[in-house]
Amino acid sequence: MGQLVAIVGRPNVGKSTLFNRLTQSRTAIVDDTAGTTRDRQYGKVDWGGKEFSIIDTGGWVVNSEDIFEGEINKQVEAAIEQADEIMFVVDAMNGVTDLDDHVAEILRKSSKPVILVANKVDSNDWMYNIADFYKLGLGDPWPVSAVSGFGTGDLLDEVIKKLPEKPDEDAPEDNLPKFAIVGRPNAGKSSIINAFIGEDRHIVTDIAGTTRDSIYTRYNKFGFDFYLVDTAGIRKKNKVNEDIEYYSVIRSIRAIEASDVCILMIDATRGIEAQDQAIFSLIQRNKKGLVVCVNKWDLVEDKSKEAIRHFEDAIRSRFAPFTDFPIIFTSALTKQRIYKVLETSVEVYQNRCRTIPTSQLNTVMLEAIAAYPPPANKGKYIKIKYVTMLKGAPVPTFIFFCNLPQWVKEPYRRYLENKIRENWDFKGTPIQVFMREK
């Protein structure tokens, strides 16, 4: 199970800027206006060979006139409850404030490890101000500048030091495959699991968000043996207005991280929405196998082959450039093609575990490279001499050895990936292609 770090603090201390710096992205909106971040941003951080998840929360506010105050505070409380570690961000330029004291009091009562981050140390002059933060009683303040990146490496070293590996207490102990059922609220996730196991084990209502927890169900029928994970529906962030519902979103993220294959449920009556793309991106970011399940197909009037083809094209175009995944049209109510979903999920898992012999890989891929070599750069030619598949990687990973790896651009990497997919079945699973110097 992946580790989760939450960034908390009062408004306008630079939490979103720090989030963007650590995740090497520009996902979180950054503005000088206090309270700009009212939702959570989720990202991945890879440092020192360790990967963990990070959540940027809204700023903690008390007794303001902002109507979002209560909801922001609930989300921060939920983040503190569910995170494995807390980064408490303060402003080195302004020193300790009453709000900082308020947040620190809550964190001191928490049993979670806390790292005190003194942000906005943009010059050596501000280093003298951070001593004031010792009065918060949370240990040594770590001076950083989220804008310039100063001190963030040392900060990440400290973060991973306080993130010991721990087993997921809720996850099954054996090594059976785990298939997570994910999607928007009310897309029929619990209904399809009930259809799989033949009993109403999970609560099913028309109320979006009925499932508030991630539930493991072992499925060992018809020659199959794996775990199904029913997750709470992931709804748009601006609609997550209960702390228990935010707890569900975190659990859903954790379930995706812990799974091998994700079955993404799409409501056929509503089509593809932005939230479906967001969940797909979450699956891709975690490099999980994918099966797209278009549910409630019994409620669609036009079930012609042209309608199916149009729906499939729309899904693949919205999820591009990764398009090599199965799409199944089902109905949990009538049990139409539901077992096809299980069979396909098992196939995707097997594809994810597939290994290609090195000799066979070189025979095929070196011929494809000779037919279409990498473009020359500044009069120098790139020569790929050898390819191997990395053993023990969580996803299929291929290493190409060449003389100038830094000049192999993304379009050619995509060409190599397509050639691999043409010759071997990796449907539904992401592939990693790396270039290394020979």
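Student: Which strands does helix α11 lie across, and at what angle does it run to β15?

Tutor: In this predicted model, α11 (residues 410–423) lies across β13, β14 and β15. Its direction makes about 120 degrees with β15.

Student: What makes β14 and β15 a pair?

Tutor: Pairing needs at least two bridges between the strands. β14 (residues 397–402) and β15 share six bridges, in the parallel sense. So the two strands count as paired.

Student: Why are β13 and β15 called edge strands?

Tutor: The open sheet has the order β13-β14-β15, with mixed pairing. β13 (384–389) and β15 (432–437) each have a single partner strand, so one side of each lacks a neighbour in the sheet. Neighbouring strands here are turned by 25 degrees against each other on average, direction ignored.

Student: Which strands does helix α10 touch?

Tutor: α10 (residues 358–371) packs on the sheet and touches β13 and β14. Its direction makes about 140 degrees with that of β13.

Student: Why is N12 called partly exposed?

Tutor: Buried means under 20% relative accessible area, and exposed means over 50%. N12 has 33%, so N12 is partly exposed. N12 sits in the loop between β1 (4–8) and α1 (15–23).

Student: What is the phi of N12?

Tutor: Phi is near 65 degrees, a positive value in a residue other than glycine. K120 also has a positive phi, near 70 degrees. K120 lies in the loop between β5 (114–119) and β6 (141–143).

Student: Which omega goes with the cis peptide bond from A320 to P321?

Tutor: Omega is near 10 degrees for that bond. P321 lies in the loop between α8 (305–319) and β12 (327–329).

How values were computed:
Residues are numbered from 1 along each chain as its sequence is written. This is a predicted model: local features need pLDDT of at least 70, side-chain atom pairs count only at pLDDT 80 or more; totals for chains, interfaces and linings use all residues. Side-chain values use heavy atoms; hydrogens and water are left out. Helices (H or I, at least four residues) and strands (E, at least two) are DSSP runs, numbered from the N terminus. Axes are lines fitted to C-alpha atoms, for helices over the stretch in contact, and angles run from 0 to 180 degrees between N-to-C directions. Contact means heavy atoms within 4.5 Å. Buried means under 20% relative accessible area, exposed over 50%, partly exposed in between (1.4 Å probe, protein chains only).
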